[in-house]
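Here are a few exercises to work through with the model open beside you. Try each task before reading its solution.

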Amino acid sequence: MGTSSTLIAPLHYDSAVEDAEALQKACKDAEILHKACKGWGTDEKLIINILGHRNATQRKQIREAYERLYEEDLIKRLESELSGDFERAVYRWILDPVDRDAVLAHVAIKKSEVDFKVLIEISCIYSPEELLGVRRAYQNRYKHSLEEDLASHTSGDLRKLLVALVSGYRYNGVEVNARLADSEADIVHKAIKDNCFNNDELIRILTTRSKPQLNATFNRYREDHKTSISKDLLGDSGNSFQKALHTTVRCITDPHKYYAKVLRDGVKKMGTDEDSVTRVIVTRAEKDLKEIKEVYYKKNSISLDDAIAKDTSGDYKDFLLALLGKPDHC
């Protein structure tokens, strides 16, 4: 696959759906993508140059314009034209964010062993409203609730934790009750000290308290016991429930550090973990990828851009670098 092309300069336009100029440019983008998929070979570079520089609203406008102009679903067309890691990355990027997260959750649930990290990320890092949006999108897409599918594919303590996490709607304010943080730090410490990780109170605290309240509890724990809850939960690396608790705490306390570690693990493995790398870059590109990149560099003394360039290749590499904001690779 692949034909040579002259790359066009990225367009920057108003994201308002009502804006006639924006709609006109969406139609132009749709025409370019249609040409990129015509003929004997797909022009992947042109696809990267367009989609790698459009925000979520613009991508939705392009999909709608494409369907109006060609009576064809752009997503399905791209799926048929592209392949491998590049196709999966483009597919996830072009979806509406809530639909993308619903797909990621569904894929995580349907694996032979549920990928709890994805579900914990969505439950603990996203805002309550974002989580609610993902749950609605999941139900619309799969005609089951996220909680229902998760419960049917897990069991025991892991099911209890994950279903509670995805079902919750945490208070989203900044208020903190210091006395409550003190008492719940003691509850958490006793459960960990007694190796009673499936303690109902521990699970209740982690799945219902607001993030500021939990961080106050975690800080009190550190002050009282001179170690972090995260370290005390490391324990048995073979215990998936304990690992899920550890991931929950990390996602709540420092999402940027958590994501930087996921990316580092993804490129460090023998053979890049493309699923994890793609997931983080695609889902955070329009949120906090800049902050994640800064943490990555501090932790690894190499930029994320350079790490991705070193450990990936071809159109997949170029697309990820475009999302990372590397203009010379778009």
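**Exercise 1.** This is a predicted model. Decide whether Phe86 is buried or exposed, then work out the geometry of its pairing with Phe319.

*Solution.* Start with accessibility. Buried means under 20% relative accessible area. Phe86 has 6%, so it is buried. Phe319, at 0%, counts as buried as well.

Next, turn to the rings. A search of the whole structure gives four aromatic pairs. For Phe86 and Phe319, the ring centres are 5.9 Å apart and the planes stand at 75°, so this pair is edge-to-face.

**Exercise 2.** Find the residue that forms a salt bridge with Asp318, and say which helices the pair ties together.

*Solution.* A salt bridge here needs a side-chain nitrogen of Lys or Arg within 4 Å of a carboxyl oxygen of Asp or Glu. By this rule the structure has 26 salt bridges. The partner of Asp318 is Lys45, with the closest N and O atoms 2.2 Å apart. Because Asp318 belongs to helix α20 and Lys45 to helix α2 (residues 44-51), the pair ties together parts 273 residues apart in sequence. As for accessibility, Asp318 is buried at 12%, whereas Lys45 is partly exposed at 33%.

**Exercise 3.** Describe the salt bridge between Arg204 and Glu184, then the one between Lys261 and Asp265.

*Solution.* Take Arg204 and Glu184 to begin with: their closest N and O atoms are 3.4 Å apart. Arg204 lies in helix α12 (residues 200-208) and Glu184 in helix α11 (residues 178-193), so parts 20 residues apart in sequence are tied together. Glu184 is buried at 2%, while Arg204 is partly exposed at 29%.

Now move to Lys261 and Asp265, whose side chains meet at 3.0 Å, N to O. Both lie in helix α16 (residues 255-268), four residues apart, or about one turn of the helix. Lys261 has a relative accessible area of 41% and is partly exposed; Asp265, at 24%, is partly exposed too.

Technical notes
Residues are numbered from 1 along each chain as its sequence is written. This is a predicted model: local features need pLDDT of at least 70, side-chain atom pairs count only at pLDDT 80 or more; totals for chains, interfaces and linings use all residues. Side-chain values use heavy atoms; hydrogens and water are left out. Rings of Phe, Tyr and Trp (its six-membered ring) pair if their centres lie within 6.5 Å; planes under 30 degrees apart count as stacked, over 60 as edge-to-face and the rest as tilted. Buried means under 20% relative accessible area, exposed over 50%, partly exposed in between (1.4 Å probe, protein chains only). Helices (H or I, at least four residues) and strands (E, at least two) are DSSP runs, numbered from the N terminus.
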